[in-house]
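Let's take a friendly walk through this structure together. Keep the sequence and the model side by side as you read.

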Amino acid sequence: MVLTLELPIRRNPIDPLTAYESRFGDLPAWLDEISPGEARSLAFLALRRGAPLAPADIFS
């Protein structure tokens, strides 16, 4: 009999703002005008959809 132990794989959490900069270039200037949590959420959304942020994204 063989016993196996499955351990959860922990991925290193990525910083969405840093990942956004490496993929699309500079962050939009208007991103400084919103809360940091909201900015990270929008950057993560842009990374998921594969397109840079536009000013209209703040209203979505």
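Contact here means heavy atoms within 4.5 Å. This is a predicted model, in which local features need pLDDT of at least 70 and side-chain atom pairs count only at pLDDT 80 or more, while totals for chains, interfaces and linings use all residues. Residues are numbered from 1 along each chain as its sequence is written, and side-chain values use heavy atoms, with hydrogens and water left out.

Let's begin with R23, which sits in helix α1 (helices are DSSP runs of H or I with at least four residues, and are numbered from the N terminus). Not counting residues up to four places away in sequence, R23 touches L47 and G50. A polar atom of the R23 side chain lies 3.5 Å from the backbone oxygen of L47. R23 and P52 are 29 residues apart in sequence, yet their C-alpha atoms are 8.8 Å apart in space.

Now look at the rest of α1, which covers residues 16–24. Its buried residues are P16, A19 and Y20, where buried means under 20% relative accessible area, exposed means over 50%, and partly exposed is in between (1.4 Å probe, protein chains only). Viewed down the axis of α1, these buried residues fall within an arc of 105°, so they line one face of the helix; the arc is that of the directions from the helix axis to the C-beta atoms. Helix α2 is among what covers them. Just after α1, G25 adopts a positive phi of about 100°.

How many aromatic pairs does a search of the whole structure find? There is 1. The ring centres of Y20 and F24 are 5.0 Å apart and the planes are at 55°, so the pair is tilted. For such pairs, rings of Phe, Tyr and Trp (its six-membered ring) must have centres within 6.5 Å; planes under 30 degrees apart count as stacked, over 60 as edge-to-face and the rest as tilted. Y20 counts as buried because its relative accessibility is 2%, whereas F24, at 24%, is partly exposed.

Y20 also leads us to the largest nonpolar core, whose 9 residues are Y20, W30, L31, I34, A39, L42, A43, A46 and L53. Such a core is a set of buried Ala, Val, Leu, Ile, Met, Phe, Trp, Tyr and Cys residues joined through side-chain atoms within 4.5 Å. Helix α2 (residues 36–49) gives the most to this core, with 4 residues. Leaving aside neighbours within four places in sequence, L53 is in contact with Y20, P28, W30, L31, L42, A43 and A46.

Definitions and conventions
Helices (H or I, at least four residues) and strands (E, at least two) are DSSP runs, numbered from the N terminus. A polar contact is a pair of N or O atoms within 3.5 Å; within protein, one must be able to donate a hydrogen and the other to accept it, and residues adjacent in sequence count only if both atoms are side-chain atoms.
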